[in-house]
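Dear colleague,

I am handing over the structure shown below for your files. My notes on what was found in it follow directly after.

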Amino acid sequence: MRKGVLRPGHVQLRVLNIEEAIKHYVDLLGLIEMDRDEQGRVYLKAWTEVDKFSVVLREADEPGMDFMAFKVIDDAALVQLEEDLIDFGVSVDHVPANELKDCGRRIQFTSPSGHRFELYAEKKYTGKWGIGDVNPEAWPRGLKGMKALRFDHFLCYGPELPATYDLFVNVLGFYLAEQVLDPDGNRIAQFLTLSMKEHDIAFIQNEESGKLHHASFLLETWEDILRAADLISMTDTSLDIGPTRHGLTHGKTIYFFDPSGNRNEVFSGGDYSYPDHKPVTWTADELGKAIFYHDRVLNERFLTVTT
């Protein structure tokens with residue numbers, strides 16, 4: 001049941017060197033720098049996104065994710081969702097408006113998996129970059145690198161998948177699009193969505209809590225994925241795996257690392273889902289094919305390296 005949560009809104013990533021990170025996310029991924037603040041944080045967006053920012057970079061001593069945010073439909077929904085979270089037993093913190101530049105007030109909470117999430121209702125509307133909203137051109141000139149279309153989803157590693165599922169489905173209104181089950185029928189991976197997308201957030205069972213596996217950005221075509229692979233080699237960027245196809249979601253994909261060690265994905269295509277669809281199920285004995293459909297072999301680094 002929809003509870004007023006619209007879509008992914010932004011993520012704040014920790015990076016070791018802010019200028020190296022900007023070069024990676026702007027020159028390679030193709031995000032656009034929109035602003036900086038007094039804390040030294042840098043605000044980025046992809047060109048099709050209509051709000052001011054979707055990625056915030058913060059220089060820190062270790063890489064990883066500070067938080068991921070979801071936008072809700074209005075302030076009344078934000079008030080109701082806060083009540084629902086408290087009733088569920090989740091502690092909620094308040095962040096005032098403009099703590100992130102041009103973003104309204106936010107409520108923050110920690111999932112049973114150990115990840116920090118937040119909800120907000122308002123952010124400055126800037127429209128699609130370079131083309132506007134009236135008689136827009138097909139795409140803006142001046143895009144760099146991979147020309148990412150949007151920040152799409154996050155994959156998190158952590159424990160307590162059943163409780164995390166309960167929070168996201170029964171409190172926040174997500175639904176299960178795809179899953180991986182172990183031989184005993186326990187869910188060890190869950191792909192949750194708010195829309196027709198295969199996932200807006202995903203969780204994989206892991207003993208250590210609060211870990212980031214990857215932040216994912218959408219490209220338009222398979223040819224764009226191949227071009228991204230060329231750019232990764234041209235810039236001597238650390239490659240994880242790909243280009244290839246997932247069995248899970250059937251998206252075409254490539255994984256690589258930013259200079260701080262945070263894993264990125266760019267992908268294209270993939271399945272769609274509606275709330276009346278039964279979840280697609282993979283079994284753990286086919287996990288290699290589920291993750292890397294062509295090779296059907298697991299990359300150990302893909303399973304173990306997180307930030």
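**Hairpins and sheets in the predicted model**

In the hairpin formed by strand 15 and strand 16, five residues lie between the strands, and glycine 261 adopts a positive phi near 100°. Please bear in mind that this is a predicted model. Strand 15 and strand 16 run antiparallel and are joined by six bridges. Within this pair, phenylalanine 256 stands opposite asparagine 264 of strand 16.

Strand 15 has a second hairpin partner. Strand 14 and strand 15 also form a hairpin, here with six residues between them, and threonine 249 in the turn has a positive phi of about 70°. The two strands pair in the antiparallel sense over four bridges, and threonine 244 stands opposite threonine 253 in strand 15.

Strand 15 itself, residues 252–257, is mostly covered, with six of its six residues buried. In a regular strand, side chains alternate between the two faces of the sheet. In strand 15, Lys252, Ile254 and Phe256 point one way, while Thr253, Tyr255 and Phe257 point the other way, and all are buried.

These strands belong to an open sheet of nine strands with mixed pairing, in the order 14-15-16-13-9-12-11-10-17. Its edge strands are strand 14 (239–245) and strand 17, each of which pairs on one side only. From one strand to the next, the twist averages 15°. At the strand 17 end, four bridges join that strand to strand 10 (residues 175–181), and the two run parallel. Leucine 181 has threonine 283 in strand 17 as its bridge partner. Helix 3 (residues 161–171) lies across strand 9 (150–158), strand 10, strand 11 (187–193) and strand 12 (201–205), and runs at about 15° to strand 11.

A surface feature also deserves mention. Met196, Tyr272 and Tyr274 form a nonpolar patch on the surface, and together they have about 330 Å² of accessible area. Tyrosine 274 is located in the loop between strand 16 (263–268) and strand 17 (280–283). With a relative accessible area of 37%, tyrosine 274 is partly exposed.

Aspartate 35 has tyrosine 43 in strand 3 as its bridge partner.

Which strands pair with strand 5? On one side, strand 1 (residues 5–15) pairs with strand 5 in the antiparallel sense over eight bridges, and arginine 14 is partnered by glycine 64 of strand 5. Strand 5 (residues 64–72) is also joined to strand 8 (residues 116–120) by four bridges, and these two run parallel. Among the bridge partners in strand 8 are phenylalanine 117 for methionine 68 and tyrosine 120 for lysine 71. Strand 5 is mostly covered, nine of its nine residues being buried.

With kind regards

Note on methods
Residues numbered from 1 in each chain as written. Predicted model: local features only at pLDDT ≥ 70, side-chain atom pairs only at ≥ 80, totals over all residues. Heavy atoms only, no water. Pairing = 2+ DSSP bridges. Buried < 20%, exposed > 50% of the residue type's maximum accessible area, 1.4 Å probe, protein only. Patch = residues over 30% accessible without salt bridge, like charges linked within 9 Å, V, L, I, M, F, W, Y side chains within 5 Å. Areas by Shrake-Rupley, 256 points an atom, 1.4 Å probe, with all protein chains shown as cover. Salt bridge = Lys/Arg side-chain N within 4 Å of Asp/Glu carboxyl O. Axes fitted to C-alpha atoms, helices over the stretch in contact; angles between N-to-C directions. Contact = heavy atoms within 4.5 Å.
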